[in-house]
Amino acid sequence: VKSETFYMVPAVWPLTQPVNHAERPTFSGLPMAPLPSLERALPSQSGQYELVIHQQPRSHHRAHYETEGSRGAVKTPNGGHPEVQLRGYQGMDPLGLQVFIGTADEKILKPHAFYQVHRITGKTVTTPSLERMITRTKVLEIPLEPKNHMRVMIDCVGILKLRNADIELRNGETDIGRKNTRVRLVFRVHIPEPGGHLVSLQVTSHRIECSQRSAQ
């Protein structure tokens, strides 16, 4: 099923205009191109820009169900949190880093049907975030700020497990969710260029096993 086109103001943090599905978004008075579908493959580097993961998540994370409490944010093997940086950006405005949960075992990366990103909040969380729905995929937006060299620690991202029966019924499939327990964190950024052009980059984490037998 082809995803609907999603229009929004380029991800300058924070967004100052509402999402608009009917018109092309604008930035500084110039019309902008629509953002690419979440299912579209994007490069991690283009020209002077590169989106990189400095700290990869550990290979296991216990995802939680909607009926239970959060299992906390995804961590790295040393107990910290993943870090992401946009290199080559010379602008003065913060940009929005998008995060969603993607597939890990398919040739073409796409949003995961059985897992969604979960926004973690609390006194120990240092990174602000906004939560949005794009088609049926939950996306977190996190500020990348020039004052921090466009580098951010991802301590606000958890993983939510959806009910297998709900997804299988919707997709007309059975017994798929129990076997499909590996995910990747997907990070995207959209960089506005003169003339209304957007440079869109994407980088993905290593595989993360999310089954209940995973270490917490």
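Visitor: How far from the ring centre of Tyr115 is Lys161?
Guide: Lys161 lies over the face of Tyr115. A charge counts as over a ring if NZ of Lys or CZ of Arg is within 6 Å of the ring centre and within 35 degrees of the ring normal. For Lys161 and Tyr115, the distance from the ring centre is 5.4 Å.

Visitor: Good start! Which pLDDT must side-chain atom pairs have to count?
Guide: Residues are numbered from 1 along each chain as its sequence is written, and side-chain values use heavy atoms, leaving out hydrogens and water. This is a predicted model, in which totals for chains, interfaces and linings use all residues, local features need pLDDT of at least 70, and side-chain atom pairs count only at pLDDT 80 or more.

Visitor: Which residue of β4 stands opposite Ser46?
Guide: Two bridges join β3 to strand β4 (residues 49-55), in the antiparallel sense. Opposite Ser46 stands Tyr49.

Visitor: Is Gln98 buried or exposed, and which side chain makes a polar contact with its side chain?
Guide: Gln98 is found in strand β7 (residues 95-103). Buried means under 20% relative accessible area, exposed over 50% and partly exposed in between (1.4 Å probe, protein chains only), and at 2% Gln98 is therefore buried. A polar contact is a pair of N or O atoms within 3.5 Å; within protein, one must be able to donate a hydrogen and the other to accept it, and residues adjacent in sequence count only if both atoms are side-chain atoms. At 3.4 Å, the partner of the Gln98 side chain is that of Glu141.

Visitor: Why is strand β14 described as largely enclosed, and which residue of the β13 and β14 hairpin takes a positive phi?
Guide: Strand β14 (residues 198-204) is largely enclosed by the rest of the structure because six of its seven residues are buried. It pairs with strand β13 (residues 182-192) in the antiparallel sense over seven bridges, and Val186 stands opposite Thr204 in β14. The hairpin has five residues between the strands, and the positive phi, near 85°, belongs to Gly195.

Visitor: What relative accessibility does Met150 have?
Guide: Met150 sits in the loop between β10 and β11. Its phi is positive, about 55°, although it is not a glycine. Met150 counts as buried because its relative accessibility is 3%.

Visitor: What is the C-alpha distance between Pro111 and Val183?
Guide: Pro111 is in the loop between β7 and β8 (115-119), and is buried with a relative accessible area of 14%. Leaving aside residues up to four places away in sequence, it touches several others, including Leu38, Phe100 and Thr137, where contact means heavy atoms within 4.5 Å. Pro111 and Val183 are 72 residues apart in sequence, and their C-alpha distance is 9.3 Å.

Conventions: Helix = DSSP H or I, 4+ residues; strand = E, 2+ residues; numbered from the N terminus. Pairing = 2+ DSSP bridges.
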